[in-house]
Amino acid sequence: MSINLKTIYAFAREMYPKKSIERFQYGTAGFRGNADFLDSAMFRMGVLATLRSRVLGGSVVGVMITASHNPEPDNGVKLIDPKGEMLDPNWEDIATELVNVSDQELEEQVAKIIKENKIDVSSQSNVYVGMDNRYHSPRLLKAVSDGVIALKGNVKEYGIVTTPMMHYFVVATNSKGVYGQATEEGYYNKLITAFEKIRGNKLENDKYRNYLLFDGANGVGARKMLHFIKRMHKSLNVEVFNKGDGKINHECGADYVKVQQRCPVNMPVTDSNVRCVSVDGDADRVVYFFTDNDGIFHLLDGDRIATLVADYLIDLVKSCELELSMGLVQTAYANGASTDYIVNKLKVPVSCVSTGVKHLHHKALEFDIGIYFEANGHGTIIFSTKAKQSITKAADLGDEKAQTFLLVIDLINETVGDAISDILLVETILHYKGWDVNEWLACYDDLPNLQLKIKVQDRNVITTADAERVCLTPVGLQEQINNIVLNYNRARSFVRPSGTEDVVRVYAEAATQEEAECLANDIGILVQKMAGGIEPNLVHPNKSFQAHF
């Protein structure tokens, strides 16, 4: 197989010229930005995925067109390595250089990647491509596919799917079907079969009621949940809202509910204590919420899901009499009360890592059972080969709990956070315990917290260390944050640059909601002054609380 780079990239420059002079920065999961300027980046990521597949002996590499929880007009791209993990960090740098070179330098850059990585361009390459339901996604998917074809790679288009489904397809193929069948129907069947076998014929149990309100964020998750409902034989009664009539993630979705701590639009939560869930635009995040008898909103976020799952898995491990290590991985956004509960009540070790699933996933691999969830609801559970072998051995000896344990593993999409898989797992656990939302909430009391976004000229002026809990630059900013925190009870605050846009994220936690709001505003004003702020996004934008110190 012969590849003429000059001919290919003459075509590329004509069809997918680089329009933006702004430098693309690889975020926590890939590139994102205004869709009008992404065509060249998408073509180049198709080229990169093809080369990555060849380096790995022709294993399938995935490309997902999505901006996740970002609103339109944004779009973006996520690359998926053969084991379902995020792109190897070394290749993030290669991707960044490739996407930013000029059209005139493109041929030379590709030749450099081929030479430095000793790539046999005549070898096989396989790339899977999927997209969310943003109106510009089909155009961008074509650009990715053209990039693959330009280097004579094999491309398979899955159309509109969730990000977790793309991860599943990649792993299912590379495992030669051991993980599951690499089709949409295979994905549904694997999760639904496990869910219904665990649940049995008893759909309600004690205080648990078989009814769920689902906010689809007007994204692809809404479409796929409707497919699940058709196939689930009433084993889970779900009512879907924000099905796609509005804008993706606009006043709805997991990020909106988590940050604003309120119900999404177009979702009438008229009855108290009804379980509600919100997923994000590409359905890899999920948060639960409800309103109580007094009409007060309560959030059950990724921290709550992690503690619920850990408690359940501890019981399964003990029941099967297995010797397996278990650990829970969080980020600095985790509520301090959840960490105390996990360490002191559940007796499970907790690790804190930088924001981004790729960091949590890597750390979770150190345990036989690694549980990781970001507070935003993005997470999953990973089981080591040793864990699976031990559980399988016990199941083969007739241990019914071990047999259930194997079904639980099938229910979990280990490759990445999967909102729908996580929902089915939570529903399984609540049903097993016979709990309603109030009993779940009563496990521990969250410390009131708040998140703000401060728009800045350049997010890179903020650098951090210690899992993003300590700010290194601008010099002096961390010292002033520490001084402000001392003025509040049980307080904690940190700032970090966004991985996807020029904003600085502020997290504040304190003993009362009022104190959390005051603390967040004080830190927000400080960031505005010291980090080149353009526009503050404060709870009380016209009021500074520093005067009361």
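**View 1. Lys401, Val408 and Leu411 of helix α14 meet Ser421, Leu424, Leu425, Thr428 and Tyr432 of helix α15.** Here, contact means heavy atoms within 4.5 Å. By class, this contact has five nonpolar, two polar and one charged residues. Two packed helices are described by the angle between their axes and the distance between the axes. For α14 (residues 400–411) and α15 (residues 419–433), the axes come within 9 Å and cross at roughly 150°. The pair is therefore roughly antiparallel, a label for angles over 145 degrees. Helices are DSSP runs (H or I, at least four residues), strands are runs of E (at least two), and both are numbered from the N terminus.

A quick note before moving on: this is a predicted model, where local features need pLDDT of at least 70, side-chain atom pairs count only at pLDDT 80 or more, and totals for chains, interfaces and linings use all residues. Residues are numbered from 1 along each chain as its sequence is written, and side-chain values use heavy atoms, with hydrogens and water left out.

**View 2. Two prolines follow cis peptide bonds.** Most residues other than glycine have a negative phi, and most peptide bonds are trans. Yet the bond from Glu72 to Pro73 is cis, with omega near 15°. Pro73 sits in the loop between β2 (60–65) and β3 (74–80). Thr473 and Pro474 are also joined by a cis bond, with omega about 0°. Look for Pro474 in the loop between β17 (470–473) and α17 (477–485).

**View 3. Ala217 has a positive phi of about 60°, though it's not a glycine.** You'll find Ala217 in the loop between β6 (212–215) and α8 (220–231). Ala217 is buried, with a relative accessible area of 0%; buried means under 20%, exposed over 50%, and partly exposed in between (1.4 Å probe, protein chains only).

**View 4. Lys234 isn't a glycine either, and has a positive phi of about 65°.** Lys234 is in the loop between α8 and β7 (238–241). Lys234 is exposed, with a relative accessible area of 66%.

**View 5. An unreviewed UniProt entry annotates Ser68, Asp280, Asp282 and Asp284 as "binding site".** They're spread over 217 residues of sequence but cluster in space, with a largest C-alpha distance of 7.9 Å. Ser68, in the loop between β2 and β3, is buried at 2% relative accessible area. Beyond its neighbours within four places in sequence, Ser68 contacts residues including Arg32, Lys78, Asp280, Asp282 and Asp284. Asp282 lies in the loop between β8 (276–279) and β9 (286–291) and is buried too, at 0%.

Note on methods. Axes are lines fitted to C-alpha atoms, for helices over the stretch in contact, and angles run from 0 to 180 degrees between N-to-C directions. Angles under 35 degrees count as roughly parallel, over 145 as roughly antiparallel, 65 to 115 as roughly perpendicular and the rest as oblique. Ala, Val, Leu, Ile, Met, Phe, Trp, Tyr, Cys and Pro count as nonpolar, Asp, Glu, Lys and Arg as charged, and the others, Gly among them, as polar. UniProt positions are given in the numbering used here, feature names are shortened, and annotations may be inferred rather than shown by experiment.
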